[in-house]
Amino acid sequence: QVQLVESGGGLVQAGDSLRLSCAASERTFSIYLMAWFRQAPGKEREFVAAARWSGRTTFYADSVKGRFTISRDNAENTVDLQMNSLKSEDTAVYYCAARRNYLTDYASMSEYESWGQGTQVTVSS
């Protein structure tokens with residue numbers, strides 16, 4: 001199982017930017033897909049963004065498209081999430097997830113094998 005550790009969360013104001021990072025315990029070239037999910041209090045965990053091995057193929061939830069950017073650095077075994085124009089609705093615990101092999105539904109939690117412990121992002125209005 002791949003160990004994942006998120007970092008970069010914090011308290012920011014609406015309109016600010018924040019960059020999250022996820023470090024993997026193994027070489028990321030062996031991880032087919034890496035993704036970010038988030039979960040707000042009282043709500044279910046939801047998909048945010050995902051990137052394939054090369055990082056050239058990416059997927060985004062409609063709610064963050066145009067504001068968030070996911071990127072992978074396989075040399076450093078990390079995946080980042082650049083969040084711009086943050087809104088209060090973005091407040092949640094953000095989780096990093098990984099899948100070794102091919103999967104068909106990148107937005108489904110059940111498809112991912114490994115999860116980090118999460119990092120809190122709070123956006124004040």
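User: By class, how many nonpolar, polar and charged residues are in the lining of the largest pocket?
Analyst: In this predicted model, the lining of the largest pocket includes Arg38, Lys43, Glu44 and Glu46 among its residues. Arg, Lys and Glu count as charged, and Ala as nonpolar. By class, the lining has two nonpolar, three polar and five charged residues.

User: What volume does the largest pocket have?
Analyst: The pocket in question is the one lined by residues including Gln39, Ala40, Ser88 and Thr91. Its volume is about 150 Å³.

User: Does arginine 38 count as buried or exposed?
Analyst: Arginine 38 lies in strand S4, which covers residues 33-39, and is one of the residues lining the largest pocket. Buried means under 20% relative accessible area. At 6% relative accessibility, arginine 38 therefore counts as buried.

User: With the side chain of which residue does arginine 38 make a polar contact, besides that of tyrosine 94?
Analyst: Arginine 38 touches Glu89, Asp90, Ala92, Val93 and Tyr94, among others, when residues up to four places away in sequence are not counted. The side chains of arginine 38 and tyrosine 94 are joined by a polar contact of 2.9 Å. A polar contact, also at 2.9 Å, links the side chain of arginine 38 to that of aspartate 90.

User: How many Å apart in space are arginine 38 and tyrosine 94, C-alpha to C-alpha?
Analyst: In sequence, arginine 38 and tyrosine 94 are 56 residues apart. From C-alpha to C-alpha, the separation in space is 4.3 Å.

User: Is the disulfide of cysteine 22 and cysteine 96 left-handed or right-handed?
Analyst: The torsion about the S-S bond of cysteine 22 and cysteine 96 is about -85 degrees. The disulfide is therefore left-handed.

Definitions and conventions:
Residues are numbered from 1 along each chain as its sequence is written. This is a predicted model: local features need pLDDT of at least 70, side-chain atom pairs count only at pLDDT 80 or more; totals for chains, interfaces and linings use all residues. Side-chain values use heavy atoms; hydrogens and water are left out. A disulfide is a pair of cysteine sulfur atoms within 2.5 Å. Helices (H or I, at least four residues) and strands (E, at least two) are DSSP runs, numbered from the N terminus. Buried means under 20% relative accessible area, exposed over 50%, partly exposed in between (1.4 Å probe, protein chains only). A polar contact is a pair of N or O atoms within 3.5 Å; within protein, one must be able to donate a hydrogen and the other to accept it, and residues adjacent in sequence count only if both atoms are side-chain atoms. Contact means heavy atoms within 4.5 Å. On a 1 Å grid over the protein atoms alone, a cavity is a set of points where a 1.4 Å probe fits but cannot get out, and a pocket is an open set with protein on both sides within 12 Å along at least five of seven lines; lining residues have an atom within 4 Å of a point. Grid points are joined across faces, edges and corners, and a volume is the space filled by probe spheres set on the points.
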